[in-house]
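Please open the structure in your viewer and keep the selection tool at hand.

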Amino acid sequence: MQHDISKLNHIASQVRRDIVRMVHACQSGHPGGSLGCTDFLVALYFDVMKRKEGFDMEAKGEDAFYLSNGHISPVFYSVLAHAGYFDKPELATFRKLNSRLQGHPTTHEGLPGIRIASGSLGQGLSVAIGHAVGKKLDKDENLIFSLHGDGELQEGQNWEAIMYASHNKVDNLIATIDYNGQQIDGPTSKVLSLGNLKTKFEAFDWKVLEVEKGNDMEEILKILDQAKSLTGQGKPICILLKTGMGHGVDYMMGTHAWHGKAPNDEQLAKALDQLEETLGDY
């Protein structure tokens, strides 16, 4: 499959500008993980997923995506806006009172593109599996994609869901783990070590793919193509995507310090100097 890498990287640069501007404007939010997952979500929405015009909760006849680590809502909102789910100027309302763009996505706000409220960690995989099973019952051959934080896997509900998915051969599901090794209190290895995630998922009878360069668009597309080729073979699929928290902004990279911290005016200016405006700021 041919991919327009240059176009996708242009979109990703603009999305990163949106992220730092949104978080700065309200002095609240989570830029680190958002920047780290930008390339993956851009690849997913602008190349990989089969999407139809408009939005409905059922996603019949198209692929569907579930964001489980909802605190990285800035990147999700920006990608949805650029993908046409709602108008880009609405990004300026992020985290404001009565805005549809709350700090964690909610369904009662009626924002197109949002199918799950994901403020509380550890629940998204269960919902994604439920939708995947529903598609199978409907004989809908489209896929379910989901994204989860690595620290989020410290929540026990995930492992019940992981066990259920393999037992029931939910092989139309591609779950991606943002494997950045950081969480709000520090490195995951020090807070609560996850051990060898590849071995763990394989022990639960999942097919596991790994991406060492989780911010390289070409590598992301290659692994997603491979993951799609493995669907329908009796096993759910997990992608371990090794991203860099804060990727694209040098002073935010590789540290948990920017997990949930907004840049000041000077820091915003420094970040924007490093991120090319490619599609026009909202």
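The tour below visits salt bridges and then pockets.

Before you start, note that this is a predicted model, in which local features need pLDDT of at least 70 and side-chain atom pairs count only at pLDDT 80 or more, while totals for chains, interfaces and linings use all residues. Residues are numbered from 1 along each chain as its sequence is written, and side-chain values use heavy atoms, with hydrogens and water left out.

**Salt bridges**

Side chains of opposite charge can pair when their charged atoms come close. Here a salt bridge means a side-chain nitrogen of Lys or Arg within 4 Å of a carboxyl oxygen of Asp or Glu. How many salt bridges does a search of the whole structure find? The count is twelve.

Select Lys 135 and Asp 140 to begin. Their closest N and O atoms are 2.8 Å apart, forming a salt bridge. Are these two residues buried or exposed? Both are buried (under 20% relative accessible area; exposed is over 50% and partly exposed lies in between, with a 1.4 Å probe and protein chains only).

Next, pick Lys 198 and Glu 202, another salt bridge, with 2.7 Å between the closest N and O atoms. Both sit in helix H7 (residues 197-203), four residues apart, or about one turn of the helix. Helices (H or I, at least four residues) and strands (E, at least two) are DSSP runs, numbered from the N terminus. Lys 198 is partly exposed at 26% relative accessible area, and Glu 202 is partly exposed too, at 36%.

Now move to Asp 205, in the loop between H7 and strand S6 (207-211), and Lys 235, in the loop between helix H8 (217-229) and strand S7 (237-241); the pair therefore ties together parts that are 30 residues apart in sequence. Their salt bridge spans 3.1 Å, N to O.

Finally for this part, select Arg 17, Glu 277 and Asp 281 together: salt bridges link them in a network.

**Pockets**

A pocket is an open set of points on a 1 Å grid over the protein atoms alone, where a 1.4 Å probe fits, with protein on both sides within 12 Å along at least five of seven lines; lining residues have an atom within 4 Å of a point.

Select His 71, Leu 121, Glu 152, Gln 183 and His 259, which lie nearest the centre of the largest pocket among its 20 lining residues. About 280 Å³ of space lies there, a volume being the space filled by probe spheres set on the points, which are joined across faces, edges and corners.
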